[in-house]
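Here are my notes for you to read alongside the structure. Please keep the sequence and the 3D view open as you go through the points.

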Amino acid sequence: MADTSDIRTPAQIEADIKRRREVLADTLDEIGVRVHPKTIVGDAKAKVVSNIDHTLGRAYVSVNKAVTDVKAQFVDEGGAPRLERVLPVALVAVGLVGLLALGTRRRKG
């Protein structure tokens, strides 16, 4: 036997069909926009830019932390230079520059 608990008039059925067609039309329009080549390319570009921004942000944080750590080695809490650490590094740097200058001078002569 058929279930007669949901008895609708033909006008109600037509209204439901019309509403359902409108919903389906909207859904098809949205699908058309999503699969359009320009939309796909735009989404891909946005994803790449987002990944690059994320990578650059992480790199910035890493570099900033490294600079802060190095600075902490050569500057005390008050901001004054730690001469016991700055002088040896400066002497090594001057020595390397001197060796490089002598090495290039000997090659030219």
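1. A residue is called buried when its relative accessible area is under 20%, exposed when that area is over 50%, and partly exposed in between. Aspartate 69, with a relative accessible area of 40%, is therefore partly exposed. Please keep in mind throughout that this is a predicted model.

2. As for the overall fold, the protein has 3 helices and 0 strands, and from the N terminus on its elements run α-α-α. Helix α1 covers residues 10-34, while helix α2 covers residues 37-74.

3. On overall dimensions, a compact globule of 109 residues would have a radius of gyration near 13 Å, whereas the value for this protein is 36 Å. Taken along the principal axes, the box filled by the C-alpha atoms is roughly 105 × 45 × 25 Å.

4. How much of the protein counts as buried? Of its 109 residues, 1% do. The accessible surface comes to about 10100 Å², and 65% of that area belongs to carbon and sulfur atoms.

5. One feature of the surface is a nonpolar patch of about 390 Å², which is made by Leu28, Ile31, Val35 and Ile40. Of these residues, isoleucine 40 is found in helix α2, and its relative accessible area of 47% makes it partly exposed.

6. Turning to charge, the protein carries 18 positive and 14 negative side chains, and the centres of the two sets lie 18 Å apart. A search of the whole structure finds 5 salt bridges, some of which are described in the next points.

7. Within helix α1, arginine 34 and glutamate 30 are 4 residues apart, which is about one turn of the helix. They form a salt bridge whose closest N and O atoms are 2.6 Å apart. Arginine 34 is exposed, at 56% relative accessible area, whereas glutamate 30 is partly exposed, at 42%.

8. Lysine 65 is exposed, with a relative accessible area of 53%, while aspartate 69 is partly exposed, as noted in the opening point.

9. Arginine 82 also forms a salt bridge, in this case with glutamate 77, and the closest N and O atoms are 3.9 Å apart. Glutamate 77 is exposed, with a relative accessible area of 76%.

Methods:
Residues are numbered from 1 along each chain as its sequence is written. This is a predicted model: local features need pLDDT of at least 70, side-chain atom pairs count only at pLDDT 80 or more; totals for chains, interfaces and linings use all residues. Side-chain values use heavy atoms; hydrogens and water are left out. Patches are made of residues with over 30% relative accessible area and no salt bridge: like charges are joined within 9 Å, nonpolar side chains (Val, Leu, Ile, Met, Phe, Trp, Tyr) within 5 Å. Accessible areas come from the Shrake-Rupley method with a 1.4 Å probe; for residues, only the protein chains shown count as cover. A salt bridge is a side-chain nitrogen of Lys or Arg within 4 Å of a carboxyl oxygen of Asp or Glu. Helices (H or I, at least four residues) and strands (E, at least two) are DSSP runs, numbered from the N terminus. Buried means under 20% relative accessible area, exposed over 50%, partly exposed in between (1.4 Å probe, protein chains only). The radius of gyration is taken over C-alpha atoms; the globule rule is 2.2 Å times the number of residues to the power 0.38. Lys and Arg count as positive and Asp and Glu as negative; His and the chain ends are not counted. The place of a charge is taken as NZ of Lys, CZ of Arg, CG of Asp or CD of Glu.
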